[in-house]
Amino acid sequence: LWRPLGSVFPAAGAPFSVDAAFVLGRWLLGARAPAPRQRWRSVVLPAGRWLDFWSGSPVGEEAEDRARAVVVEARPGRPPLLLREGALLPLGQVRASTSEPLSELRLVVAPGERSAFTVIEDDGTSEAWRSGGVARTEVTMTADGRELEVRLAARQGGYVPSPRDLRLELRLGTPPERVRLDGEDVVAAWDAELRAAVVDLPDDGSEHQVTVSRSGRA
């Protein structure tokens, strides 16, 4: 889950400092906070497109085949954290214990050509997962020109999560032209701070598809 940068991107062609940055899961790149009273720090960024997790803004110029050094901002309570192109990142609200059920499941999407991820859940306390008490939801994303599609497959397994809000957070950079949920037009809220379109979905375990027409690439 927590790995040195060089072990994930060994062919980047740039020296990675072991203690300067790290990869968290498949989609996040974190860096040490700078020294006290310093607001900026330099990070060697692997090839591809990266977004600032806190603001949704692109970080550095896009480079498909090379690493490059960039300067990232660190603010109190918000250490340098970058989101990789193609991310399908599931997040829940802050809880004191895993025994508390999620009241909200967010799926943060950073557009890319194609990616897939399986959200796996259990009750967080027992060993019911050994006998099938697990929920699996496959999520796929495809992009073709200015159209983006996110598909949630029907939930599989013997575990049924507690009732909660299910929210899709699309880090598009600019407001979309059109958003459809299961083929029907819907109004997506625009979060200016995150530069994201927010779509609320029914959390009923059924298959759902969100299609977004974008005005252009940010």
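**Rings, a pocket and a cavity**

Okay, let's start with a charge over a ring: Arg 171 sits over the face of Phe 53, 5.3 Å from the ring centre. To call it that, CZ of Arg or NZ of Lys has to be within 6 Å of the ring centre and within 35 degrees of the ring normal. Before I go on, this is a predicted model, so local features need pLDDT of at least 70 and side-chain atom pairs count only at pLDDT 80 or more, while totals for chains, interfaces and linings use all residues. Residues are numbered from 1 along each chain as its sequence is written, and side-chain values use heavy atoms, with hydrogens and water left out.

Now the aromatics. How many aromatic pairs does the structure hold? Two. For us, rings of Phe, Tyr and Trp (its six-membered ring) pair if their centres lie within 6.5 Å; planes under 30 degrees apart are stacked, over 60 edge-to-face, and the rest tilted. Take Trp 27 and Phe 117: the ring centres are 6.4 Å apart and the planes stand at 70 degrees, so this pair is edge-to-face. It ties together distant parts of the chain, 90 residues apart, with Trp 27 in the loop between β2 (21–24) and β3 (28–31) and Phe 117 in strand β10 (residues 114–121). Strands here are DSSP runs of E, at least two residues, numbered from the N terminus.

Are those two buried or exposed? Trp 27 is buried at 7% relative accessibility, and Phe 117 is partly exposed at 21%. The cut-offs are under 20% relative accessible area for buried, over 50% for exposed, and partly exposed in between (1.4 Å probe, protein chains only).

Back to Phe 53 for the other pair: its ring and that of Trp 54 have centres 5.2 Å apart and planes at 80 degrees, so that's edge-to-face too. Phe 53 itself is buried, at 11% relative accessible area.

Staying on β10, there's Ala 116, which is partly exposed at 38%. Leaving out residues up to four places away in sequence, Ala 116 touches Arg 26, Trp 27, Leu 88, Val 139 and Thr 140, where a contact means heavy atoms within 4.5 Å.

On a 1 Å grid over the protein atoms alone, a cavity is a set of points where a 1.4 Å probe fits but cannot get out; a pocket is an open set with protein on both sides within 12 Å along at least five of seven lines; and lining residues have an atom within 4 Å of a point. Points are joined across faces, edges and corners, and the volume is the space filled by probe spheres set on them.

The largest pocket comes out at about 700 Å³. It has 30 lining residues, and the closest to its centre are Pro 90, Arg 95, Leu 102, Ile 120 and Glu 121. β8 (88–92) and β10 each give at least two residues to that lining.

What about cavities? There is one of 30 Å³ or more, and the largest cavity has about 210 Å³ of space. Of its 22 lining residues, Leu 105, Thr 137, Leu 152, Leu 166 and Asp 203 lie nearest the centre. The largest share of that lining, three residues, comes from β13.

Last stop, backbone angles. Asp 182 isn't a glycine, yet its phi is positive, near 55 degrees; you'll find Asp 182 in the loop between β14 (178–181) and β15 (184–185). Arg 195, also not a glycine, has a positive phi of about 55 degrees.

How values were computed:
Helix = DSSP H or I, 4+ residues; strand = E, 2+ residues; numbered from the N terminus.
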